[in-house]
Amino acid sequence: MFDEELRGFNSVHAVESYPVATWHKMMAVHLTAPFLLSKFFVPYMKKKARFVRSQLLEKSTDGFVSAPGKAPCSVAKSGLIAFAKGLALEVAEHGITCNAIFQGSVETDCNVFKDQIEAIARENNVPFEQARVRDD
């Protein structure tokens, strides 16, 4: 249960069938939440810059490379990259850094990654193992 709460979520749909409510949730989880956390934590960091010097924002490779059905997720993740860069410039004079961490694609027990690969395989009419291998 705890892992489910931390990992965020993803939703794979073509743009024309992407639920608007899911779009709003995607932006809230991946952009609004980091913004609000930063908004309220940065003032504390400025006061305690001697002890608290960095802020890390986690994102996935979807910010660099998209796939069919993943355009909204890619928008959110690339937006987080831009947010981290802008925030880093704002807080640099206070000795604080802000970085986006890219852990890459990870297969987990939550099956989100597996479900995405299966959807991509179906959409492109290729076997699962072929869709699973990336050349980038």
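1. A cut-off to start with: a residue is called buried under 20% relative accessible area, exposed over 50%, and partly exposed in between. Please keep in mind that this is a predicted model.

2. With that in hand, have a look at Asn125. Its relative accessibility is 71%, so Asn125 counts as exposed. Asn125 sits in the loop that links α4 (112-124) to α5 (128-132). The backbone deserves a glance too: Asn125 is not a glycine, yet its phi is positive, at about 55 degrees. Most residues other than glycine have a negative phi.

3. For the overall layout, the chain has 5 helices and 2 strands. Starting at the N terminus, the order is α-α-β-α-β-α-α. Among contacts with a separation of 6 or more, 60% join residues 24 or more positions apart.

4. On burial, 32% of the 136 residues count as buried. The chain exposes about 8900 Å², and 58% of that comes from carbon and sulfur atoms.

5. Helix α3 (residues 71-91) passes a simple length check. Its 21 residues, at 1.5 Å a residue, should span 30 Å, and the end C-alpha atoms are 30 Å apart, so the two agree. Buried residues in α3 include Cys73, Ala76, Leu80, Ile81, Ala84, Leu87 and Val91.

6. Finally, which residues make the nonpolar surface patch of about 320 Å²? They are Phe35, Leu36 and Phe40. Leu36 belongs to helix α2 (residues 20-47), and Leu36 counts as partly exposed because its relative accessibility is 38%.

How values were computed
Residues are numbered from 1 along each chain as its sequence is written. This is a predicted model: local features need pLDDT of at least 70, side-chain atom pairs count only at pLDDT 80 or more; totals for chains, interfaces and linings use all residues. Side-chain values use heavy atoms; hydrogens and water are left out. Patches are made of residues with over 30% relative accessible area and no salt bridge: like charges are joined within 9 Å, nonpolar side chains (Val, Leu, Ile, Met, Phe, Trp, Tyr) within 5 Å. Accessible areas come from the Shrake-Rupley method with a 1.4 Å probe; for residues, only the protein chains shown count as cover. A salt bridge is a side-chain nitrogen of Lys or Arg within 4 Å of a carboxyl oxygen of Asp or Glu. Helices (H or I, at least four residues) and strands (E, at least two) are DSSP runs, numbered from the N terminus. Buried means under 20% relative accessible area, exposed over 50%, partly exposed in between (1.4 Å probe, protein chains only). The expected span of a helix is 1.5 Å times one less than its number of residues. Contact means heavy atoms within 4.5 Å.
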